[in-house]
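Please have the model open while reading.

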Amino acid sequence: MIGARLPELVRWRVWWLAGLLALAGCAAPSDPGLHGESMSADQFAQSDINRLQTLAMRDNLDSLDRLLEKLYRRNPGEWRKAGFTDLKTALDQGRARIHRGEVPKELDGLQDIEVLSVAMDPRYPGDRAAAFVLGLSSMIIAAHGGQTRFHVSDSVQARHVFNAARNVEIAAWMLSSRRDAQGRPLLLSNELGDGVANLSFEREFGRIIARLDLEASLQDESLRRIGINYVQGLLFFNFLPVR
């Protein structure tokens with residue numbers, strides 16, 4: 001009897017899943033200022049913390065896109081060092097490399113914090129703006145196990161994400177304080193004085209740090225809640241549903 005009903009059950013589940021996908025695909029944030037994500041099949045393999053990690057990673061890489069543009073606009077000589085003839089081409093290539101977690105070609109063999117250290121070395125002759133931002137993206141992605149989208153099978157260490165937030169703080173300090181032999185900033189960024197106040201770099205760094213810290217805290221808490229929920233189930237004898 002059960003065997004005879006299997007095809008009907010399969011058809012019903014297919015239609016149910018198709019309807020669910022259609023409803024989810026139509027759902028959109030009611031506030032146009034919110035930046036959600038369109039429905040995709042892999043979201044069914046994501047827990048709540050996986051969704052947060054995925055969205056936080058997307059937003060942090062977007063912040064790095066903006067930082068690269070800000071640095072290139074304030075330091076046009078940097079993208080010219082890389083041989084680009086215009087800003088748009090430099091940004092297009094830079095953004096693609098940010099989202100892939102790549103490092104500058106001349107620094108192949110170095111990784112994340114190593115690239116950041118070289119980028120803020122006064123002796124580095126290459127495109128310092130790209131090396132700095134690509135070092136940040138490589139470091140943040142490495143802290144997440146090399147992933148930019150996350151699923152229930154993935155494991156991200158809260159301590160690594162927390163350490164990444166501290167590294168961003170150090171990088172922001174280096175950007176504002178490192179000077180060349182003549183006492184000039186290695187890269188122009190925030191600007192204060194003569195009636196001008198440009199703290200947009202500081203705000204962008206603050207957003208990245210806040211996302212990483214929140215993610216690390218929630219990741220750590222989610223592991224604790226798994227144990228608490230299990231103990232609660234034992235204490236209150238919560239039976240599993242059978243139908």
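The notes below give the basis of the values, then go through the structure by topic.

The model is predicted: local features need pLDDT of at least 70, side-chain atom pairs count only at pLDDT 80 or more, and totals for chains, interfaces and linings use all residues. Residues are numbered from 1 along each chain as its sequence is written, and side-chain values use heavy atoms, with hydrogens and water left out.

**His144**
- His144 sits in the loop between helix H6 (128–143) and helix H7 (158–177); helices are DSSP runs (H or I, at least four residues), numbered from the N terminus.
- His144 has a relative accessible area of 2% and is therefore buried (under 20%, with a 1.4 Å probe and protein chains only).
- Its side chain reaches the backbone oxygen of Ile140 at 2.7 Å.
- Leaving aside residues up to four places away in sequence, His144 touches Met57, Phe150, Val156, Val161, Leu212 and Glu215 (contact: heavy atoms within 4.5 Å).

**Helix H6**
- Of the 16 residues of H6, 15 are buried.
- At the N-terminal end, Asp127 caps H6, with a side-chain oxygen 3.3 Å from the backbone nitrogen of Ala129.
- Just after H6, Gly145 has a positive phi of about 70°.

**Helices H2 and H4**
- H2 (residues 48–74) and H4 (residues 87–100) pack at an angle of about 150°, with axes 10 Å apart; axes are lines fitted to C-alpha atoms over the stretch in contact, and angles run from 0 to 180 degrees between N-to-C directions.
- H2 and H4 are therefore roughly antiparallel (over 145 degrees).
- Residues making the contact include Leu61, Leu68 and Tyr72 of H2 and Leu87, Leu91 and Ile98 of H4.

Methods:
Helices (H or I, at least four residues) and strands (E, at least two) are DSSP runs, numbered from the N terminus. Buried means under 20% relative accessible area, exposed over 50%, partly exposed in between (1.4 Å probe, protein chains only). A polar contact is a pair of N or O atoms within 3.5 Å; within protein, one must be able to donate a hydrogen and the other to accept it, and residues adjacent in sequence count only if both atoms are side-chain atoms. Angles under 35 degrees count as roughly parallel, over 145 as roughly antiparallel, 65 to 115 as roughly perpendicular and the rest as oblique.
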